[in-house]
Each structure stands twice: as C-alpha cells, then as structure tokens.
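Q: I would like to learn how to read salt bridges and a helix in a model of this kind. Could we go through them one by one?

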Amino acid sequence: MALPRHFQFGWHAALLCALLQGCVTPPKPASPPRQPVVSAVPDGDWELINSTFIGTGRIPGVPRATLAFKGGTMSAYSGCNRASAAARLVDDWLEVGAMAATRRGCPEPLGSFEGRFFKLLGARPVFLIDGDTLTLVAGSENARLRRASANGRQGGR
C-alpha cells in the first residue's frame, strides 16, 4: 500500500535528519584551564617620561613621578604623595596589593595627575620592559617610564 504524498515527505525529512545527526562530530572535551605564570617584578628604579594623563611626564616645578620595585614591593611617588604595596607579575600584568599612601593635599593639576597615576598602578596594567623603558597600559591609560641611573640621579634629564 502506498503512503499519501505528505507522509512520504515527512518520512524522507526524518530520514535525512537522522543521517545528518550521525555526521555531526561531538565537541572535544575542554582542556583544563592554564595556570597563570606568577613571578617577581624585576628590581629597579623608574621615572615617568610621559603618560596619557600628562604628556610630558611632569608638571612644571614638581619633581617627576617615580616607581621603584625591590624585593616584591612597589614604591610610587606622584610628586606629592608616596604609596607602597606588594607587587608581582601575573603573566604580563602588574598585580599590586592594597596601596598604603601618604595623604597630603595636592594642588591642581597635581591632584588629578596623582589620582590617575595611582589608579593606573592599581588597575592591573600590562607590564612591559623594553631596554631602559617600562610601559604600563590599562584600558585607555598608559605610562612610559625610563630606568633611573644607578648612582641615584634620574637618568636622561
């Protein structure tokens, strides 16, 4: 006995779906997540060259902002206040612990500069050393610093 035409179409469609289902490759099991590489920040002293928050890296009449890393600790100076915190590298990012900072009132534009500088440090920026230049980038903010000379004077003034 022949099936009505609309039943034949449904049967063919079901057969086609079953055949296609057999051709689908099941997804591969997900590989376990990679453990981040954690390392110490290389010791060194740095001074700000330029940044997105102040092009020249310094406000006239104010010392340059600086960063120093020693034994897993970061020290920062904005030209007004000092801050320190534990610091380490996680993959290519600088991870800074809770910063302890002095709280002097800073006149403008130094107050705004300091807020953005310290915020960049705490924002887990990408950390890249290329020769004597350290670059920190987080979102749209970035800062470039140069290595300070070994005798304690800032290099390249």
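**Salt bridges and a helix**

A: A salt bridge here is a side-chain nitrogen of Lys or Arg within 4 Å of a carboxyl oxygen of Asp or Glu. This is a predicted model, in which local features need pLDDT of at least 70 and side-chain atom pairs count only at pLDDT 80 or more, while totals for chains, interfaces and linings use all residues. Residues are numbered from 1 along each chain as its sequence is written, and side-chain values use heavy atoms, with hydrogens and water left out.

Q: Are Glu 95 and Arg 88 buried, exposed or partly exposed?

A: Buried means under 20% relative accessible area, exposed over 50%, and partly exposed in between (1.4 Å probe, protein chains only). Glu 95, at 27% relative accessibility, counts as partly exposed, and Arg 88 counts as partly exposed at 37%. Arg 88 and Glu 95 are also linked with Arg 124 in a network of salt bridges.

Q: How many salt bridges does a search of the whole structure find?

A: The search finds six. One of them joins the side chains of Arg 34 and Asp 91, at 3.0 Å from N to O. Arg 34 lies in the loop between α1 (5-23) and β1 (38-39) and Asp 91 in the loop between β5 (82-90) and β6 (93-96), so the pair ties together parts that are 57 residues apart in sequence. Helices (H or I, at least four residues) and strands (E, at least two) are DSSP runs, numbered from the N terminus. Arg 34 counts as exposed at 57% relative accessibility, whereas Asp 91 is partly exposed, at 23%.

Q: Which residue forms a salt bridge with Glu 141?

A: The partner is Arg 116, with the closest N and O atoms 2.9 Å apart. This pair links distant parts of the chain, as Glu 141 is in strand β10 (residues 141-147) and Arg 116 in helix α2, 25 residues apart.

Q: Which residues of α2 are buried?

A: An α-helix has 3.6 residues a turn, so residues three or four places apart point the same way. In α2 the buried residues are Leu 110, Phe 113, Glu 114, Phe 117, Phe 118, Leu 120 and Leu 121. They cover an arc of only 155° around the axis (taken from the directions from the helix axis to the C-beta atoms), which puts them on the same side of α2.
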